[in-house]
Amino acid sequence: MDPRFTELLIPFLKHLRGRELTETSPLPALGLDSMQSIELLFAIEDTFGIALPDEDLNDATFATAGSLWGAVSAALAAEGGTVSAA
Amino acid sequence: MTVTTLEPAAPAPPEMAERVAQVAATAAEHAARTDREANFPVETLAAMRETGLLGLLVPTRYGGLGGGLRALLDASLTIGRADVSAAMILAMHCQQSAAITGHAGPRLREELLPRIAAGQLYLASVTTEAGTGGHLLSSDAELAADEGGLLIDRFAPIVTGGAHADGFLISMRGPDAASPSEVSLVYAHREQLRISRSGDWQPLGMRASHSVALRLAGRVPEDQVVGEHGGFSRIAGQVFGPLAHLGWSACWLGAASGALSRVLRMLREPASRARVNLSSELLLTRLSRARQRIDTVHALLRHTERMVDRATDLSTPPNQLLLNSLKITAAEQCHLVVEDLIDAVGMRHGYLRDSPTRLERTLRDLRSAALNYSNDRLHLADGRLALLDPEVRCA
């Protein structure tokens, strides 16, 4: 996962409490609720200059840090941007 | 149905309608008394047990009636005409049974589903908690685990039928959960729990739903967790949410349809026709408006039913928005049907308890609809979901 991604994601996870964020970290259990999902989405779109396609806006995308990063990196690739390795 | 793991919507067997009619007749017979006394409709529950309707959604291989979503909604509409409290009792029990069918482990399914089908197991749900304000997906009451199993100790402010249920599905924070959002769903037999009741039950309407406050404490084996630990949010999204919004809406629509039907029958009686001017434009407009509201909710109910039957992912914003819109619209419009009818027929038949129109009771009952998982809360969720669907793709 891109460090810019984890850096913007961590403040939304109030129950992470300093533990390491991995691809399998479950976002809802770590405190991401529906209102925050929207703010997180806006933050991602602003930071990476992308728009996630509407069909990615479902529970599966927001399930884990890895699934969300998968959607973000796919959108970056579609925009022709570069994706740095985690 | 692809998502909630009910059996595909098959045409209801002919006897299904008879079973439902029998329960509706029992509900109608006792509704005035259970409303007056704010008591649970024990006779109607007995009829649900005897007719097999408690097993409405239980697959036939477990001895159930094998009904799908359509059968559940049709039963809710019919019983809702007689007594909306009784209809809600059945609809909510069926949600619980669907959660067990779709998410319980094999041992628990084999134990519970035949008993539900045989009418021996009426299920209540304990998914609201003081402090969460109807928000289902977080819990501060935590399950503790030891070598003897899972320890339950939980206060629940509102448990419909809780004094009469044979078993409970209880949501609690999972053992060792990292956050209040990791909620588990646990089944407990009545005899596995010490149950104490607090407070009185004296509501405005839905009085026969007998939704009392309970404290539940006890110990259950680990395999009575339904789904995996922390898996309640998935069950809520796939089973409880859709079946609650569809089932409640059908109950309310049944109640509003019953109210309009009784008013129309009364107006068409010869004695009434001699007294009431049926060509009054005001009366006709009010009847039209009531019927329009009913047709609107009915169309939305059936459309949402088809969406849930066909959807592969109910979590998308368009699908969630449709499910929430159904609940909000049914709650508002069914209540307004009764308001229209009270204005249409006036004080004697609109406001007095002993009128055969039963508008007074129906108005009190349907006043709860906007509060039963609050419309205000759903509008907040829908505003957020609307932001996630800038294209506005209606489901």
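B:D74 and B:R302 form a salt bridge in this predicted model, and their closest N and O atoms are 2.8 Å apart. B:D74 lies in helix α3 (residues 69-82) of chain B and B:R302 in helix α8 (residues 281-310) of chain B, so the contact ties together parts that are 228 residues apart in sequence.

**Salt bridges**

- Over all chains, a search of the whole structure turns up 21 salt bridges.
- One of them joins the side chains of B:E15 and B:R19, with an N to O distance of 3.7 Å.
- B:E15 and B:R19 are four residues apart in helix α1 (residues 14-37) of chain B, which means that about one helical turn separates them.
- Both ends of that pair are partly exposed: B:E15 has a relative accessible area of 33%, and B:R19 comes in at 23%.
- Helix α8 of chain B also holds B:R291 and B:D295, again four residues apart, or about one turn of the helix.
- The side chains of B:D295 and B:R291 meet in a salt bridge whose closest N and O atoms are 3.0 Å apart.
- In this pair B:D295 is partly exposed at 40% relative accessibility, and B:R291 is partly exposed at 47%.
- Salt bridges can also link up into a network, and here B:D35, B:R353, B:E360 and B:R364 are connected in that way.

**The sheet in chain B**

- Four strands of chain B make an open sheet, in the order β2-β3-β7-β6, with antiparallel pairing.
- At the edges are β2 (144-146) and β6 (193-198) of chain B, each of which pairs on one side only.
- On average, neighbouring strands of this sheet are turned by 20 degrees against each other, with direction ignored.
- Strand β2(B) pairs with strand β3 (residues 149-160) of chain B in the antiparallel sense, over three bridges.
- If you want to look at one bridge closely, B:A144 has B:L151 as its partner in β3(B).

**A nonpolar patch on the surface**

- B:M347, B:Y351 and B:L352 form a nonpolar surface patch, and together they have about 360 Å² of accessible area.
- B:M347 counts as exposed because its relative accessibility is 58%, over the 50% cut-off.

**Aromatic rings**

- The whole structure contains five aromatic pairs over all chains.
- One of them is A:F5 with A:W69: the ring centres are 5.1 Å apart and the planes stand at 45 degrees, so the pair is tilted.
- A:F5 lies in helix α1 (residues 3-9) of chain A and A:W69 in helix α3 (residues 65-78) of chain A, so this pair ties together parts that are 64 residues apart in sequence.
- Both A:F5 and A:W69 are buried.
- In chain B, the rings of B:F232 and B:F240 have centres 5.8 Å apart and planes at 50 degrees, so this pair is tilted too.
- B:F232 is buried, with a relative accessible area of 0%, and B:F240 is buried as well, at 5%.
- Ring pairs also bring A:F5, A:F48 and A:W69 together in a cluster.

Definitions and conventions. Residues numbered from 1 in each chain as written. Chains lettered and ligands numbered in written order. Predicted model: local features only at pLDDT ≥ 70, side-chain atom pairs only at ≥ 80, totals over all residues. Heavy atoms only, no water. Salt bridge = Lys/Arg side-chain N within 4 Å of Asp/Glu carboxyl O. Helix = DSSP H or I, 4+ residues; strand = E, 2+ residues; numbered from the N terminus. Buried < 20%, exposed > 50% of the residue type's maximum accessible area, 1.4 Å probe, protein only. Pairing = 2+ DSSP bridges. Axes fitted to C-alpha atoms, helices over the stretch in contact; angles between N-to-C directions. Patch = residues over 30% accessible without salt bridge, like charges linked within 9 Å, V, L, I, M, F, W, Y side chains within 5 Å. Areas by Shrake-Rupley, 256 points an atom, 1.4 Å probe, with all protein chains shown as cover. Phe/Tyr/Trp six-rings, centres within 6.5 Å; stacked < 30°, edge-to-face > 60°.
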